[in-house]
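Visitor: I've got a few questions about charged pairs. Could you walk me through them with the model on screen?

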Amino acid sequence: MKKLLFLSSALWLAACEGPIFGDKKAPVFVVDSPYAFEQMDDMMLPDVYALAATRSVNKMLDQSSDIYEKDPAPKLYITEFKKLSKSLPDGLYYAKDTTKQIIDGSRTYTVVNNLNDADYYLETQIKEILPEGAKAPIIEYKIVLNDKDNNKINEWTETIRQLQNDDKSWW
């Protein structure tokens, strides 16, 4: 009961600007975070990489069924992701984690931790494209599937851009 009374009193005091606070406004609390709501307008969040990774990995799985329909499942090594544009934010771990989860969940390839054990390896390259007059960059997300003899099997590219709507979402 005391907590409820204290909470209602605190809320009432915070909402008042009259005789209790005089001309002062109620205190404003600032969240010290790179993801604070005010800062999200012009900033690309790292989870955008996960969106592009989901799209490209699903395309790869759809179009490489002739490779993984063998028994046993081929072994796949996921290389370190390459960020080709220095101005892009860090956060590639989102994309790497998403890629690994999708491939593991599909049970198509066996993901291995050593390149020497793999039958195939997957490279990922991410770069920024700055169209003329655009406020936000276009992200090009490319994955390349290679065999153990360094022969390119295929590549899949996804581009993702920020919409010019109110919520500035990426698609």
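Visitor: Is glutamate 158 buried or exposed?
Guide: This is a predicted model, where local features need pLDDT of at least 70, side-chain atom pairs count only at pLDDT 80 or more, and totals for chains, interfaces and linings use all residues. Residues are numbered from 1 along each chain as its sequence is written, and side-chain values use heavy atoms, with hydrogens and water left out. Buried means under 20% relative accessible area, exposed over 50%, and partly exposed in between (1.4 Å probe, protein chains only). Glutamate 158 has a relative accessible area of 10%, so it's buried.

Visitor: Which residue does glutamate 158 form a salt bridge with?
Guide: A salt bridge here is a side-chain nitrogen of Lys or Arg within 4 Å of a carboxyl oxygen of Asp or Glu. For glutamate 158, the closest N and O atoms of the pair are 2.6 Å apart. The partner is partly exposed, at 34% relative accessible area: it's lysine 59.

Visitor: How many residues apart are glutamate 158 and lysine 59?
Guide: Glutamate 158 sits in strand E6 (residues 152–161), and lysine 59 in helix H2 (residues 47–63). Helices (H or I, at least four residues) and strands (E, at least two) are DSSP runs, numbered from the N terminus. The pair links distant parts of the chain, and the separation is 99 residues.

Visitor: What is the N to O distance between lysine 96 and glutamate 80?
Guide: Lysine 96 is partly exposed at 25% relative accessibility, while glutamate 80 is exposed at 56%. Their side chains meet in a salt bridge, with an N to O distance of 3.0 Å.
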